[in-house]
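Please look over the model shown here. This report walks through its sheet, its disulfides and one of its helices.

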Amino acid sequence: MFVENNKAEHPNSLHFLWLLCIIYYRHRNKSFVPVFITTHLRSPGCCCSPSGQRRRNMDVKNQTAVTEFIFLGFPGSSSLQLPLFMIFLTVYLLSLMGNTLIIFLILMDSTLQTPMYIFLGNLSFLEIWYTTATVPKLLATCVTKVVTISVAGCITQYYFFFSLGATECILLAVMAYDRHVAVCRPLHYSLLMSVHICLRFSAASWIGGFIAPLLPTILISQLNFCGPQKINHFFCDSDPIFKLSCSDTFLVEALGYTCSSVVILSSFLLTMSSYGNIVVTIIRLSSREARKKTFSTCASHLTVVTIYYGTIIFAYVRPPAKYNFTIGKVVSVFYCVITPLVNPLIYTLRNKDVMKAFQKFLSQKRFLLGKKMHGL
């Protein structure tokens with residue numbers, strides 16, 4: 001009666017009832033809850049009654065009913081999509097061929113089986129999978145109106161993309177340390193960077209890279225997703241995924257931002273520290289020819305580092321609220337598509353040892369082909 005009279009006399013009684021519901025929900029196991037409250041809260045219309053609980057559970061089920069997402073890619077007319085498809089496909093194929101060629105040359109030529117080129121082979125192998133994790137969906141968005149991915153597939157793509165990205169950051173820092181030891185402590189290089197130690201560094205880069213995004217990925221897999229299903233990107237990046245979640249994403253966003261910032265900035269600072277010491281050592285060299293030769297061994301790596309870190313720092317080392325989807329997609333093209341192609345081009349065209357091994361390989365092929373033709 002108390003509740004009914006209150007409801008009749010006061011227009012804001014509905015708010016009062018909601019307050020009682022909250023009190024009951026939080027203290028439903030406490031013995032001191034007034035009986036008149038529990039009597040009313042058992043009514044079918046109350047949010048805390050069994051039927052109200054069932055309705056709320058049904059709402060949650062409806063929110064988690066999303067089973068797949070739709071990539072929007074780059075919007076535009078069909079006349080623009082086809083040229084984009086051809087450009088991205090060409091760059092992707094060249095990247096695959098260039099990185100595969102570097103791996104092949106390092107495996108076939110014994111003179112390239114040194115720590116520097118072992119790291120380079122790891123980087124090329126990584127770039128092949130890094131592009132393959134994202135570019136096929138990018139190509140599909142250019143030629144197909146509706147490109148979908150399952151929720152599980154999206155989370156898997158997120159994990160492998162960020163794992164490979166973290167591995168590349170660590171690997172670039174290790175490669176910078178390798179050049180630092182070679183230039184600043186050449187007499188101790190064989191001791192500090194033996195093939196055995198090099199393989200340990202490579203393994204640690206892969207293990208560390210795949211551990212870094214593991215916890216954010218687990219938290220993302222626990223999120224509930226509801227409509228709209230459209231991802232405003234060409235792959236499952238972090239911010240577009242958070243945008244579609246119906247759950248509270250504060251914790252996973254903060255954790256993901258922290259992990260990305262720590263991995264990127266720590267590896268970047270280590271890389272810059274190594275190159276800072278290299279520059280100081282080069283300046284101290286008395287011979288101009290020696291300075292030129294020493295710097296040329298590091299110039300290609302420094303170019304790759306500048307391009308890669310410049311784009312990923314812009315993309316991920318910033319508050320999540322500042323994310324712009326259009327700019328994010330454009331920047332993503334640089335580190336997902338262009339950088340994996342630039343790496344083999346820089347390392348082959350600017351590196352005399354790799355070019356020499358490539359020319360040697362071509363000469364052997366010509367000799368074998370000529371011998372076969374002569375036999376016929």
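In which sense do strand 1 and strand 3 pair? They pair in the parallel sense, over two bridges. Strand 3 covers residues 230–231. Keep in mind that this is a predicted model.

Three strands form an open sheet in the order 2-1-3, and the pairing is mixed. Strand 2 and strand 3 stand at the edges, each with a single partner strand, so one side of each has no neighbour in the sheet. Strand 1 (residues 68–71) and strand 2 (residues 147–150) run antiparallel, and four bridges join them. In general, strands of a sheet pair through backbone hydrogen bonds, either parallel or antiparallel.

Individual partners can be named. Ile 70 has Thr 148 as its bridge partner in strand 2. Ile 70 also stands opposite Lys 230 in strand 3. Phe 71 has Ile 231 as its bridge partner in strand 3.

Helix 7 (residues 135–143) packs on the sheet and touches strand 1 and strand 2. The direction of helix 7 makes about 145° with that of strand 2. Helix 8 packs on the sheet too, touching strand 1, strand 2 and strand 3. The direction of helix 8 makes about 85° with that of strand 2.

Which residues of strand 1 lie on its covered face? Phe 69 and Phe 71 do. Glu 68 and Ile 70 lie on the uncovered face. In a regular strand the side chains alternate between the two faces of the sheet.

**The disulfides**

How many disulfides does a search of the whole structure find? It finds two. A disulfide is a covalent bond between the sulfur atoms of two cysteines.

| Disulfide | S to S |
|---|---|
| Cys 154 to Cys 236 | 2.0 Å |
| Cys 226 to Cys 246 | 1.6 Å |

Take the bond between Cys 154 and Cys 236. This pair links distant parts of the chain, 82 residues apart. Cys 154 sits in helix 8 (residues 151–184), and Cys 236 sits in the loop between strand 3 and helix 12 (238–243). The torsion about the S-S bond of Cys 154 and Cys 236 is about -125°, so this disulfide is left-handed. Cys 154 counts as buried because its relative accessibility is 1%. Cys 236 is buried as well, at 0% relative accessibility.

Now take the bond between Cys 226 and Cys 246. Its two cysteines are 20 residues apart and also link distant parts of the chain. Cys 226 lies in the loop between helix 11 (214–221) and strand 3. Cys 246 lies in the loop between helix 12 and helix 13 (250–284). Cys 246 is partly exposed, with a relative accessible area of 27%.

With the bonded cysteines numbered in sequence order, the pairing is 1-3, 2-4.

Cys 142 counts as buried at 7% relative accessibility. Cys 184 counts as partly exposed at 24%.

**Helix 10**

Helix 10 (residues 195–211) has 17 residues. From first C-alpha to last, helix 10 reaches 24 Å, close to the 24 Å expected at 1.5 Å a residue.

Which residues of helix 10 are buried? They are Cys 198, Ser 202, Ser 205 and Gly 209. These residues cover an arc of only 55° around the axis, which puts them on the same side of helix 10. They pack against helix 6 (115–132) and helix 8. His 196, Arg 200, Ile 207 and Ile 211 are exposed on the other side of helix 10.

Key:
Residues numbered from 1 in each chain as written. Predicted model: local features only at pLDDT ≥ 70, side-chain atom pairs only at ≥ 80, totals over all residues. Heavy atoms only, no water. Buried < 20%, exposed > 50% of the residue type's maximum accessible area, 1.4 Å probe, protein only. Pairing = 2+ DSSP bridges. Disulfide = S-S within 2.5 Å. Expected span 1.5 Å × (residues − 1). Arc of directions from axis to C-beta. Contact = heavy atoms within 4.5 Å. Axes fitted to C-alpha atoms, helices over the stretch in contact; angles between N-to-C directions.
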